[in-house]
Amino acid sequence: MKDSFCDLGFAKLDMGRKERTGFSEVVFCHGKDDKFLKDIFTRLFEENGEVLGTRATQEQFEIVKEILPQAAYDSISKVIKVQGEKKNLIGNIAVCTAGTADIPVAEEAAQTAEFFGSRVERIFDVGVAGIHRLLSQTEKLEKANVVVAVAGMEGALASVVGGLVSVPVIAVPTSVGYGANLGGLSSLLAMINSCANGISVVNIDNGYGAGYIATQINRFAVCGSVKNQAGEK
């Protein structure tokens with residue numbers, strides 16, 4: 001195993017994480033000093049040949065792009081990707097949203113899963129207020145190895161999807177909603193209390209966490225191992 005970490009003084013980068021878990025360390029960009037951000041991205045790219053950053057601003061992207069010109073930014077998910085060779089995407093993850101306001105969180109999940117080598121099917125704006133919209137996508141849902149259901153308001157989407165598919169469902173509550181939504185707490189509690197089976201729940205607005213877990217499940221479905229990436233055994 002590689003050295004456990006690289007000490008930059010202000011950060012201890014986990015250089016052996018990909019070997020241990022199959023996933024390289026990801027940068028949570030929010031609140032990081034500009035110099036810290038530059039040094040972290042530089043060192044991780046030197047080690048892994050790629051870097052994923054979440055919750056990044058446009059300004060932070062411009063800083064990263066100065067040192068890594070190949071960096072790309074998705075303004076919806078607020079994700080920075082610095083990638084090397086193009087990956088052979090494997091399997092199938094369906095990422096669904098109840099409404100269009102949930103798309104930023106869903107895109108964080110989708111962008112994360114794609115960065116780590118998963119094929120993603122996006123199914124947006126299929127909430128229970130118009131259940132026929134979701135039912136029209138049943139064939140796509142049934143082809144997925146795992147479904148990510150992203151919803152605010154009362155969070156009912158995950159329960160409905162859980163009753164339609166035979167694969168694991170990762171429920172992502174969002175902070176989208178009016179006052180009684182309580183910043184996503186009502187969605188979180190509804191998803192935790194779902195009577196549908198096969199549902200697991202991540203934290204409010206945690207698209208990254210959902211994309212990560214979905215990729216683990218997808219890799220198992222395709223390769224029989226979490227550590228295997230892009231179909232390589």
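**View 1. Packing of helices H4 and H9 in the predicted model.** In this predicted model, helices H4 and H9 pack against each other at an angle of about 35°, their axes lying 7 Å apart. The crossing of this pair, H4 with H9, is right-handed. On the H4 side the meeting residues are Val105, Glu108, Ala109, Thr112 and Ala113, and these face Gly207, Tyr208, Ala210, Gly211, Tyr212 and Thr215 of H9. Sorted by class, the contact of H4 with H9 comprises six nonpolar, four polar and one charged residues.

**View 2. The open sheet of five parallel strands.** Five strands, paired in parallel, make up an open sheet whose order is S8-S7-S9-S10-S11. Its edges are formed by strand S8 (118-123) and strand S11 (199-201), each of which pairs on one side only. On average, and with direction ignored, neighbouring strands of this sheet are turned by 25° against each other.

View 3. Helix H9 (residues 207-223) lies across S7, S8, S9 and S10, and it runs at about 145° to S7.

**View 4. Packing of helices H2 and H3.** Helix H2 (residues 34-48) packs with helix H3 (residues 58-67) at an angle of about 45°, the two axes being 10 Å apart. Because of this angle, H2 is oblique to H3, and the crossing of H2 and H3 is right-handed. From H2 the contact draws on Asp34, Leu37, Lys38, Phe41 and Thr42, while H3 supplies Gln60, Ile63, Val64, Glu66 and Ile67. The residues of this contact between H2 and H3 divide into five nonpolar, two polar and three charged.

**View 5. A salt bridge within helix H2.** Asp39 and Lys35 form a salt bridge in which the closest N and O atoms are 2.6 Å apart. Asp39 and Lys35 are separated by about one helical turn, because they stand four residues apart in helix H2. Across the whole structure, a search finds 14 salt bridges.

Terms used
Residues numbered from 1 in each chain as written. Predicted model: local features only at pLDDT ≥ 70, side-chain atom pairs only at ≥ 80, totals over all residues. Heavy atoms only, no water. Axes fitted to C-alpha atoms, helices over the stretch in contact; angles between N-to-C directions. Helix = DSSP H or I, 4+ residues; strand = E, 2+ residues; numbered from the N terminus. Parallel < 35°, antiparallel > 145°, perpendicular 65-115°, else oblique. Left-handed = near helix turned anticlockwise from the far one by under 90°. Contact = heavy atoms within 4.5 Å. Nonpolar A, V, L, I, M, F, W, Y, C, P; charged D, E, K, R; others polar. Pairing = 2+ DSSP bridges. Salt bridge = Lys/Arg side-chain N within 4 Å of Asp/Glu carboxyl O.
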